[in-house]
Amino acid sequence: MRNAIIADEVDVHFQPIVNLKTDMVVGFEALARWCDPDLGYVSPAVFVPLAEERGFIDSLSETLLRKAAETALLWPKELFLSFNLSSAQLMDPMTSTNVLSIIQRAGLDPRRLELEITETAVMTDADVAQKIVTELRAAGVRISLDDFGTGQSSLGRLRDFSFDKVKVDRAFVSRISADRASEHIVKAIIAMCDGLNLEVVAEGIEDFSEALKLKGLGCGMGQGYFYGKPADSVTTLRYLAEKYQEAGPALSVAV
Ligand code: C2E
Ligand code: MG
Ligand code: MG
């Protein structure tokens, strides 16, 4: 893994996040991809924790954020880039400085960056996490609470911690058509976020019926295979060119 970072073999793919009212793409989530010549495809759910444990999450994350930011520069300016921060990064007081200097070097406006964090990560050292988040938000970066509903889902944290967006975990979305309980939970999360002035993204929308249900519940944004699988930067640019062509000739994408 360490060698892969040095050899620049770790790549980043992008998955569209859409406005559920208009079905227009509003941003992309960056997702790490690594294919080792011997091991084959290794999931980020495996190698990110490994990089944290072995102490090279910083160099991994720097490579990924730099690549993601450079790609985002080729997109229309109104689209945001959403990037996952790992738990270890949320415990490191240098994270805000590091993140801001990486995107500054790449030339990406901090107002186009969103960082996804999980509750588990916030819980480990809430004071340091709060400080990092405050510094980043002061620079214009937005913060999303990822995988909401599966961890602690503490309502106190939603009240006291400064987030901009909540991402409802796929575990609820994938059962929304089949079970009433999931539907009611998602409905309640949407109503709560509405009152708290938080945006909501439903994760893992896989089919039309799920999308329809979420639209009916007034969910603002969605992400999932139904709207687009994670794809490399070239495919993403092609996807954008097609989308923007559909939307009219006034908008164009440099490919
Ligand atoms: P996540 O941040 O919750 O990312 C969403 C995961 O759900 C991604 O898995 C994505 O490919 C998958 N997904 C999206 N839509 C669908 C769908 O409709 N159906 C299904 N079944 N899955 C869907 P992926 O890429 O394997 O990433 C797994 C986790 O690894 C991520 O969960 C995130 O926690 C972590 N991760 C990925 N890239 C990075 C990174 O660059 N840095 C850090 N720190 N963590 C990362
Ligand atoms: Mg995420
Ligand atoms: Mg998630």
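Ligand 1 sits in the largest pocket. A pocket here is an open set of points on a 1 Å grid over the protein atoms alone, with protein on both sides within 12 Å along at least five of seven lines; a molecule sits in one if more than half of its atoms lie within 2 Å of its grid points. This is a predicted model, in which local features need pLDDT of at least 70, side-chain atom pairs count only at pLDDT 80 or more, and totals for chains, interfaces and linings use all residues. Residues are numbered from 1 along each chain as its sequence is written, chains are lettered from A and ligands numbered from 1 in the order in which they are written, and side-chain values use heavy atoms, with hydrogens and water left out.

**The shell around ligand 1**

- Ligand 1 is surrounded by 23 residues, and the closest are Arg-33, Asn-84, Asp-146, Glu-206 and Tyr-225 (near means that a heavy atom of the residue lies within 4 Å).
- Strand E2 (25-36) gives the most to this shell, with four residues; helix H2 (44-53) and strand E6 (142-148) each supply at least two. Helices (at least four residues) and strands (at least two) are DSSP runs, numbered from the N terminus.
- Ten of the shell residues are nonpolar, five polar and eight charged, with Tyr and Cys counted as nonpolar and Gly as polar.

- The side chain of Glu-29 has an N or O atom 3.0 Å from an oxygen atom of ligand 1 (a polar contact is a pair of N or O atoms within 3.5 Å).

- Glu-29 (OE), Asn-84 (OD1), Glu-116 (OE) and Asp-146 (OD) coordinate the magnesium ion (ligand 2) at 1.9 to 2.3 Å. Donors are N, O and S atoms within 2.8 Å of the metal (3.2 Å for Na, K and Ca), and water is not among the atoms, so sites may look incomplete.
- Asp-146 bridges the two magnesium ions, ligand 2 and ligand 3, which lie 3.9 Å apart.

Notes. Polar contact = N/O pair within 3.5 Å; in protein donor to acceptor, adjacent residues only side chain to side chain. 1 Å grid on protein atoms, 1.4 Å probe; cavity = no way out; pocket = protein on both sides within 12 Å on 5 of 7 lines; lining within 4 Å.
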